[in-house]
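Here is a short tour of one protein chain. Look at the sequence and the model, then read on.

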Amino acid sequence: MLLAVVLERPLVLSGAAGIGAVLVVSQATTVSAFTDTDDSLDVEYTLSQSRVAVDDTMFVTMSAQRPTESDVAVTVTAQPPLAADPIDESERQLRLAPGTTSATTSFEMTVPLAGRVELSEPTVTLADRQGLFKETYQRGPTETLTVEPRTPRDIHIGQGGDRMLAAYGDHPQNQSGAGLTPAGLRQYLPGDALNRIDWKATARQASPYIREFEVEAERTTLLIVDQRAAMGVGPTGRTMLDFTREVGLGLVQSAAEYNDALGLYGVGDDGLTVTRAPTATSAGYQQIRRALHELEPTRPESQSPDTETTAHPAAARRALRLLSMDDSVLSERISPFLDASDAYVQRIQGDPLFEAVRRAQMNEVGQTWTMILTNDSNRDQLRETARIASKRGHSVLIFLTPAVLFEERSLATRSETHQRYVSFEEFRRELHGLPRVTTFEVGPSEQLKTILNSESVSPPSESSS
C-alpha cells in the first residue's frame, strides 16, 4: 500500500487492500479450522509391552484420527524418553494429509538404563493446505515404560545342590510354627526341632514329617542386599548381584502378598547406598522394587567416612548419561562430579555388611526376620554378622551366592573348582547350623549341575545343620 501512495496509483492501493482482506479472511478461516482440528484430534500411544529388559527392542505404535475430513494437514511426532537410544525424527512421525482422517506409524525403541521412563506428549504441527499458516504445540497422551535389568533365567535356590523352591520367599498367610491350630504336614528340614516331628505321619511316609500349627503374628522383614564390587563378578546380566536381585524381588512379592512390613538396605563398599524403612503399603513395596532394580555394584573409595550425601549411584549415572547428550559449558562442569564416585546415603566405618545389619535392627522390636543377600567372599565377617544378627531372638535367612559359580573356569581346573564348591558348601552348612540362622545357596543352575556332575557332593548331614 505504501508503494501505491508513493506512486499515487489508486489501482495498486485497491489491489493491496484486496490481498490483505483475503489474507485476513484466510487467517480467520484457518484459525477456526485449527481450533476444530485441535478439539477433535485423537492421538494414542500403544506399547508392545509395558516392561522390557535393558537394551531389548520394543515397538511403539502411534495413531492419530479425526472424525471428519479437513483441509488442515496434521503432523504428529512422538517424543520418546530422553534415556532411550536416539531415534530419527522421520521414523517416529505420522501425517494426516488434507482430506484424510487417520494415520498410524510404528517405530523401534531401546532403553539402555533400568528404571521407569516416560514417552512425553507428542508434538503436533497443524498447517493449512496452502502452507501459509502453521501452529506447533505439545498435546496428547503420555505412556510409562518400566525398564528392568537383564535378569538370569536359571536361578537355583537350595542347599547342597538340592533345589528348595519352597524356601523362596516362603511365608504362609498365618505363619506356621509352634501354635494351637493345626496347619498341616511338611517334610522335616535340617534344623527343625525334633519335638515337632509327627511320628505317626513319619511312620506312614517312611520319612520324617513335621506337624505345623498356625500362629497369628505380624512380621517385619529387613532385606539387606550386598552390592559391593565383589557382587559384580559374572557375565553381563548374570552377575552375583543380578541373581541376588531376583531373589530380593521375590521376597518383596512375598511380603506384599502377606502384607508384611518390609525394609530395604543396600550395602556398598563404603557404606549404605539405600535405606528404606519398613513399610507395608503398595507404594512402599513399589519403591523397594524400584530401588532393587537400580542397584549396581559399587567400588571402594578413599573418601572420609564422615561424609554424608543423599544422592544415589544409579541416579547419578542416569544424570551423567543425559548430560553426555548436552554440549553446554554447564554439562562439562557438572559431569566430572557425577562420574567421580558412587554416592552413599551414609558412609560407615568397619565392615559395611555388619554395620548395615546392626543399624537395620537397631530400631526394630517384636518378631523380625533379617534376610541377608550376599556372597561368600568375606566369610569371617559374614560368620560374625550372622551371629550378631540372630541375637535378641531375630530369625536370620541368608541367601548366599558362591563366587566359584560365577568365575570363568576351564577343564584343567575342574577338580579345583569342585573343591572350592565343597569348601563353600561346608561354610554354608556352618552358617546354617548357627542358632536361628537358615542359609541357602543362590546361583545359576547349569553351572551348579556341571560342578556336581564332575564329582559327588555329599548332602548336609543332620548333625551338621
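The model is predicted.

**A strand with partners on both sides of the text**

Start with β21, which spans residues 437-444. Seven of its eight residues are buried, so β21 is largely enclosed by the rest of the structure. Which strands pair with β21? One is β10, residues 155-159, and four bridges join β10 to β21. These two strands run antiparallel. Another is β20, residues 395-401, with five bridges to β21. Here the two strands run parallel. I157 has V442 of β21 as its bridge partner. V396 is bridged to V437 in β21.

**Two loop residues with positive phi**

Now step back along the chain from β21. R436 sits in the loop between α10 (414-432) and β21. Its backbone angle phi is near 65°, a positive value in a residue other than glycine. Why does that deserve a look? Most residues other than glycine have a negative phi. D55 also has a positive phi, of about 70°, and D55 is not a glycine. D55 lies in the loop between β2 (51-53) and β3 (58-65). The table sets out both residues.

| Residue | Phi | Loop between | Relative accessible area |
|---|---|---|---|
| D55 | about 70° | β2 (51-53) and β3 (58-65) | 45% |

**Helix α5: a length check**

Helix α5 covers residues 282-294, which is 13 residues. How far apart should its ends be? At 1.5 Å a residue, α5 should span 18 Å. Its end C-alpha atoms are 19 Å apart, so the two values agree. Several residues of α5 are buried, including G284, Y285, I288 and R289. A291, L292, H293 and E294 are also among the buried ones.

**T385 in helix α9**

Move on to α9, residues 379-389, where T385 has its place. Is T385 buried or exposed? T385 is buried, because its relative accessible area is 1%, and the limit for buried is under 20%. What does T385 touch, leaving out residues up to four places away in sequence? Its contacts are D351, L353, F354, V357 and I372.

Definitions and conventions:
Residues numbered from 1 in each chain as written. Predicted model: local features only at pLDDT ≥ 70, side-chain atom pairs only at ≥ 80, totals over all residues. Heavy atoms only, no water. Buried < 20%, exposed > 50% of the residue type's maximum accessible area, 1.4 Å probe, protein only. Expected span 1.5 Å × (residues − 1). Contact = heavy atoms within 4.5 Å. Pairing = 2+ DSSP bridges.
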